[in-house]
Structure formats: C-alpha cells, structure tokens
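Please find my short note on this model below. The points cover backbone angles and salt bridges.

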Amino acid sequence: MDFVKSPLNWLTSTVVSATDVMHNAALYAAECVGSESSKSVTPAVNSVIFDSIGHKNTSSFLDMVRFGCHNFVSSVFRLHWAAVPFFWVGFASVVGYIGTILFQNLVLDLFPVNLKKKYGADWALVTGASSGIGKAIAQKLAGQDISVVLVALDDNILQHTFDELKKTYPSVEFRKVGVNLGKSEEYYMPQIKKATKDIMVSLVFNNAGFITTGNFPFQLFNVCCDVTSCALSGFFNKTSIERSMSNFHCNATCIVPITHHFLTRILSNSRKGLIAFTSSSAGFVPTPLSVIYPSTKSFITLFATSLAPEVKSQGVDIVVVHPSPMMTNFFHNSGTYLRYLFGLRQDESPAEMCTVGGMQTLEAFKRFAVSPSVIADVVFNSAGRFVVRDQGLVTILLRIVTKAFDFNLFTELVCRTAHTTGDFKQFMERTT
C-alpha cells in the first residue's frame, strides 16, 4: 500500500529494487563473458533508503536519493562493456513504465473527467451491468446525468439493479436488456438494437465476462450467459466444448458486433464517443487451468489497442483497463491462485459454485483489493487521455515481471513447472 500512501517513496524504493535486480543480473552476465567486476553496491543503497522511508526521515530523503544515484552510477560504470546495453534497456523499460503509471495516477487524482461535457453524451450502454464494475460504471454515469442502457443476463439481479438505479437517480432514464451474450450474436443483437434504435448511444462499456476454472463454473454477477452445471476440472479437455464456447463468446466475440454497431452509428452521425473495455492482466502471460479466460482477455486488449488508432482522429476514444483484484465474496470461495493474481473483479463473484478450499495466496493479496468504483474512476478519467490503463499493484507488478522476462522464456518456464504446483496436483487428483 506504499503506492497509495506515498507515491514518491514507493517510486524510489521500487526503482532501487528494480535497479538492484537488473544490476546483479547484468553482473552475472558480465561474469559469463569474462568480466572481473566487483560485487554490486546497490543493496547498501536499498537498506539506507528503506530505513529512511521506514523512519519517515523526510528531511534527509533527497540526500538518500542523491546517495543512491551516485552508487547506482558507480555500479553501472563497473559493469563489463558487454553487459551495459542490456542493463540500460531493462532499466529504461521498467523506469519508463513506472513513470507512466505515476503520471496517469496524477491525472486521475487531480483532473477528473465529466463524460457528458466531454462527449456531449446523453446515453451510454454498459454490458455486465448487474453488479460490480458494470454497476459502478452505471452509477457514475447516472451521477453525471447520463442515461444508461443496462445489458446483462435476464435475472433477478438485473431487475434489482434496474429498480435500485431508478430509485436512486429519478431524473435519469434507464433501460434494461436481458440477454445471453454467451450465444451467437443473433440471440442478443436484435434486442440491443431494438432497445437503442430511438436513442443516440455515444458511450459504450464492454464489461461483461466470466471464467470457468477449478471444479466449478466461476459464474459472475454480471454474467452474460447461462451456466447451470459444474465443470469437472480446470483442464481445458475436461471442460465441455459448449461451456468453453459460451465463455469465449461472452468474454470476447460479443464485443465485436456490439462495438461495430455503435461505432458505426457514432461515426455516421459525426458524433464524439467513447468505447471502453474491461480486460485483465491474465492476458499478459500463459495461464494454465483457465485457458479461455486469459485468451479472451488478450484478445480484448489487442482488439482495443488496434482499433484506437483507426478512430482517434474521428473523435472516438478507446480505453482498455487491466484491473487488479476487487473487494468481493470470492475471497471466501477461492479456488485457484490464478483467479486472484490475474485480475478477477467484483463483478466476477460466484452466483453458483461447487465449493473448494480457500488459498493462503489469495488471503495474502487481499489487502491490495479495492472497490469496483475505483475501476469506474480509472475508466472515466482515462477517456481521451490514455488507451491502456493498468490499475492496481498486482497488475503493475505483473507487467514489470513481463518486462523482466521474455515472453517465450516465461512460457517455457510455466510449461515446465506448472505440473509441480499445488493447484495442478489437486486438479489431477480430482480427475483420476
């Protein structure tokens, strides 16, 4: 939580830690090519700065930074010439990313965005709007006097949210579309088109999704499809193709016709607009035992970032957010470590499930969880400013890991070690 309490201290300690790791790695590489460089002095810098931060000795903080920079530069100059380029490439990548994150959060905190004023928007559409992030987005839209079309599975949760929003925001108009986004588009697009044919939707939030993993379908409160029976295990071949395809359609393919329809209308009417996507850091790396989920999230990110350059000059902004874990009941019904580490959200809490034991790993990360409204704020304040937003410490750390390790190498490591994990062994035992 250092990032929340003191961004400057957090940045300093993070940079120094990253420098320590990269410097020692470079020293090792230098030794491999015959360098006689001495040991790194960076750990001493770490201890000094960490002690200063721990004791809140802010008066000498700048001295600590200068001391750290001096030792850092000295260490770099002692590297073997063959290792220096690799060190600086890694350093620039990590520090550049951390700098971007800091800048984004300063903008988020100091300069909030009003979407109604920015886009002249009267109507917005939110998928997965029953609860969690989707509901938080709908509430924030209504707070800015923007009418909302709620799209989610046609159940009591959608009706409850619809009634609650109408009561809380009596001056704002709401419409609900109860559909199953886990099917092909002919099952949901006609209803969505019918509900929006007489209004101009300028803001679209593609938020719906769910995951099937562990010994049960991890059904979402904002779930877009009907899941009625438990999967046998987290293995892809043990999950029915019907369930996998439903998962695939709900998470990924439904965003294509929905985005195409409303983007076409926005551009044909020469209007400004925003199309937002809720992705996940699960798409950063290979994720065994939940194959469909990370695959679809990777698709969402690339779809959004590829579409953004096409429409930016025409007045339509694209935002894709990778959220960290949210405060949710799923901590009490935890299945695999992957559910938590890779950004499952408040709107991805189980509506029906086969119970499995909780995990200490999930509990360890629980203190970093935040409310769904935080993600809604990130989406709103990124509009027109940033295309990609990584939210939360878990996502940021995972992104840094992917910068430190080549994707091909990381894949090989996962492939050769996944079978040794407790979750993998547990699922193997339950399927034999």
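Where is Ser270 found?

1. Ser270 lies in the loop between helix H11 (255-268) and strand E7 (273-278). Helices (H or I, at least four residues) and strands (E, at least two) are DSSP runs, numbered from the N terminus. Phi of Ser270 is near 55°, a positive value in a residue other than glycine. Ser270 is exposed, at 68% relative accessible area. Buried means under 20% relative accessible area, exposed over 50%, and partly exposed in between (1.4 Å probe, protein chains only).

2. The model is predicted: local features need pLDDT of at least 70, side-chain atom pairs count only at pLDDT 80 or more, and totals for chains, interfaces and linings use all residues. Residues are numbered from 1 along each chain as its sequence is written, and side-chain values use heavy atoms, with hydrogens and water left out.

3. Asp145 is not a glycine, yet has a positive phi of about 65°. Its place is the loop between helix H7 (132-143) and strand E2 (147-152). Asp145 is partly exposed, at 42% relative accessibility.

4. The salt bridge count is eight. The rule asks for a side-chain nitrogen of Lys or Arg within 4 Å of a carboxyl oxygen of Asp or Glu.

5. Lys312 pairs with Asp317, closest N and O atoms 2.9 Å apart. Lys312 is partly exposed at 44%; Asp317 is buried at 9%. Arg399 bridges to Asp390 at 2.8 Å between the closest N and O atoms. Asp390 is buried at 5%.

6. Arg416 and Glu412 form a salt bridge, with closest N and O atoms 2.2 Å apart. They are separated by about one helical turn, because they sit four residues apart in helix H17 (residues 407-417).
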